[in-house]
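The following exercises concern a single protein chain. Each task is followed by a solution in steps.

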Amino acid sequence: MSLRTAFSRSHQLRGKVRTDVDMHLSKWWMKQVPDNGLVSRHISPFEQQSIMPWMRTWHKRVYVRVTETFWYGFVILGGTYSMIEYADKEEHKEIFGLRD
């Protein structure tokens, strides 16, 4: 019986105990006050509507980016195609030139 009373008294000496956290973190959480990094209120992601501005303007942004970069892509693809055609013609000339 004396062993049980010794542990019950030591439990009372620890002070107030938090039951909503693990035992090994209770001492650390007792030091935290609501202004010390503990979030007590927050805005729901559904209330923030963080994607709605993008959803309203995505088609305009796509149109602007395509029209701005269309010429770069056209020049690159056109240049690549013309170099391939030129290389094919030169190879064809070389092959038929060796036949004679």
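**Exercise 1.** State how many salt bridges the structure holds, and characterise the residues involved.

*Solution.* Step 1: a salt bridge requires a side-chain nitrogen of Lys or Arg within 4 Å of a carboxyl oxygen of Asp or Glu. The structure, a predicted model in which local features need pLDDT of at least 70, side-chain atom pairs count only at pLDDT 80 or more, and totals for chains, interfaces and linings use all residues, holds one such bridge. Residues are numbered from 1 along each chain as its sequence is written, and side-chain values use heavy atoms, with hydrogens and water left out.

Step 2: the partners are Glu90 and Lys93, whose closest N and O atoms are 3.8 Å apart.

Step 3: both residues belong to helix 4, three residues apart, about one turn of the helix. Helices are DSSP runs (H or I, at least four residues), as are strands (E, at least two), numbered from the N terminus.

Step 4: Glu90 is partly exposed at a relative accessible area of 32%, whereas Lys93 is exposed at 58%. Here buried means under 20% relative accessible area, exposed over 50% and partly exposed in between (1.4 Å probe, protein chains only).

**Exercise 2.** Find the aromatic pairs and classify those among Phe70, Trp71 and Phe74.

*Solution.* Step 1: rings of Phe, Tyr and Trp (its six-membered ring) pair if their centres lie within 6.5 Å; planes under 30 degrees apart count as stacked, over 60 as edge-to-face and the rest as tilted. The whole structure contains three aromatic pairs.

Step 2: the rings of Phe70 and Phe74 have centres 6.0 Å apart and planes at 20°, so this pair is stacked. About one helical turn separates these two residues, which are four residues apart in helix 4. Phe70 is partly exposed, at 44%, and Phe74 is exposed, at 52%.

Step 3: for Trp71 and Phe74 the centres are 6.4 Å apart and the planes stand at 90°, so the pair is edge-to-face. Trp71 is exposed, with a relative accessible area of 55%.

Step 4: Phe70, Trp71 and Phe74 form one aromatic cluster.

**Exercise 3.** Which residues form the negative surface patch?

*Solution.* Step 1: a patch is made of residues with over 30% relative accessible area and no salt bridge, like charges being joined within 9 Å and nonpolar side chains (Val, Leu, Ile, Met, Phe, Trp, Tyr) within 5 Å.

Step 2: the members are Glu85, Asp88, Glu91 and Glu94. Glu94 lies in helix 4 (residues 52–99) and is exposed, at 54%.

Methods
Areas by Shrake-Rupley, 256 points an atom, 1.4 Å probe, with all protein chains shown as cover. Lys, Arg positive; Asp, Glu negative; His and termini not counted. Charge placed at Lys NZ, Arg CZ, Asp CG, Glu CD.
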